[in-house]
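User: Hi, could you walk me through this one? I'd like to know what I'm looking at.
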Amino acid sequence: MLGGEFHDGRTTVVYGDMFTYNLSKNEWTVVKAPGAPPPRCGHQAIATATSKGELWVFGGEFSSPSESQFYHYKDLWVYRFGEKKWEKILSPGGPSARSGHRMTHIKRQLIVFGGFHDNLRDYKYYNDVYIFNLDTYVWHKIELSGIPPHPRSGCIILPTPENKLLVYGGYSKERLKKDVDKGLIHSDMFLMTPEKNDQTGLKWKWISIKQSGNKPSPRCSASAVLIQSNLAYLFGGVFDDEDNEEELNGTFYNDLVALDLDNFQWHTVALSGKKDVTVRRRRRKPKEDSGEENDSESEDKSDNEIQKSSIPAESTIIDDDGIFTVTIGPASTASTHKKENAHENVFVPCPRINPGLVVKHNVLYLYGGMFESGDRQYTLNDLYSLDCRKLDEWRTIIADDLSSQTWFESSSSSSEDENTDSGDEDESDCEIERMDVDEN
């Protein structure tokens, strides 16, 4: 695990540290290696088995503690596990600076799609595709045929058994008028497939995919991982109903949904004893959509109307853990489990967005994520496992400890002395210089 972000209401911390988790010893270990990348969040990291293991990292963003400076990266790094060393890859022609993009590994290529750039004055979302060849260390921008997905960040991308690339969901904003933006939650699906008889690996086309089965309700910031080469699991997410320019009513999810990559069919993963719940709370309006903040899609008015009708109504209280009170409501139709499989008192990780998901030896591991209640933001550091063969129940490896978090109601910049109110690639402020950033 590399990097990430923590916010306590007053100060934002962006991390540059890296950890490994030992499954047999059940412990985290800090990885200390020279020449590591600058701190970041909203980046992408892909592990490959080459040369005793490599971790490839591209892009992301940095925010200063008072959030008065905001910076996107366009750098590419590799950590070699065998040598325990970082290397910055200086290859021209790569994607522009961005975060909230997605990156995956197919054959001997890294494929980067989408993302966004925001300099606190203006923003832009991308739907471009770049391929980095792991043999030649060369970037290629790919011009695809067909009708492409709308620009977006925070989508889900998954390689298929046929070495194609599936793109689902995502988030984008559009400007309605000056200082008024509207968020778009996408729920469409595309397949990026190689052109026939292409020997270069650089000719691809977009194909719009019709989804089937029990499609999950519209949401942002869900996470997905391959369980098998043709099966993926999706967990969590949030649907935000924008009541006004200052507040969001957010429905948070903790349902587990499966996607069959052979026929693009959705179905609910019914655990023995799993009770499906959602949590609906009022949220603060995000200062930025970090791409990590939103993850599903819908592009037109009719889709938005469907989303509103899918929001579960609030029901009775609830669960009070001493930190904040949550209201548990029924799941939407698309994520309701069969009653005969539901047992009342079986543990499920709490609803959240952007959890980390990984599979090892047919066991799904879920780490952390974020939950918002009113103006408060709770960053989780809990860890759970689920046996994908038994599908019985989630097991707690590390419980969350929200009681250790202090939330500050007022925002203050006393933690640093800054003389600027915006940041982008062109600035040469001391904060960026101290990080020794080289953007080629």
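Analyst: Happy to! A quick definition to begin: two strands pair if DSSP finds at least two bridges between them, and strands are DSSP runs (E, at least two residues; numbered from the N terminus). Bear in mind that this is a predicted model, where local features need pLDDT of at least 70, side-chain atom pairs count only at pLDDT 80 or more, and totals for chains, interfaces and linings use all residues. Residues are numbered from 1 along each chain as its sequence is written, and side-chain values use heavy atoms, with hydrogens and water left out.

User: Good. How many bridges join S28 to S29?
Analyst: There are 10, between S28 (residues 363-373) and S29 (residues 376-387), and the two strands run antiparallel. As an example, glutamate 372 stands opposite glutamine 377 in S29.

User: And what order do the strands of that open sheet come in?
Analyst: The order is S27-S28-S29-S30, with antiparallel pairing. S27 (356-360) and S30 (395-398) are the edge strands, each pairing on one side only.

User: Which strands does S18 pair with?
Analyst: S17 (residues 223-228) pairs with S18 in the antiparallel sense over 5 bridges, and a hairpin of 2 residues joins them. S18 is also joined by 5 bridges to S21 (residues 256-260), again antiparallel. Tyrosine 233 has alanine 258 in S21 as its bridge partner.

User: What lines the largest cavity?
Analyst: Its lining consists of Ile156, Leu158, Ala224, Ala232, Tyr233, Leu234, Val257, Leu259 and Trp266. A cavity is a set of points on a 1 Å grid over the protein atoms alone where a 1.4 Å probe fits but cannot get out, and lining residues have an atom within 4 Å of a point. S18 gives the most to this lining, with 3 residues.

User: And how much space lies in the largest cavity?
Analyst: About 40 Å³, where volume is the space filled by probe spheres set on the grid points, which are joined across faces, edges and corners.

Technical notes. Helices (H or I, at least four residues) and strands (E, at least two) are DSSP runs, numbered from the N terminus. On a 1 Å grid over the protein atoms alone, a cavity is a set of points where a 1.4 Å probe fits but cannot get out, and a pocket is an open set with protein on both sides within 12 Å along at least five of seven lines; lining residues have an atom within 4 Å of a point.
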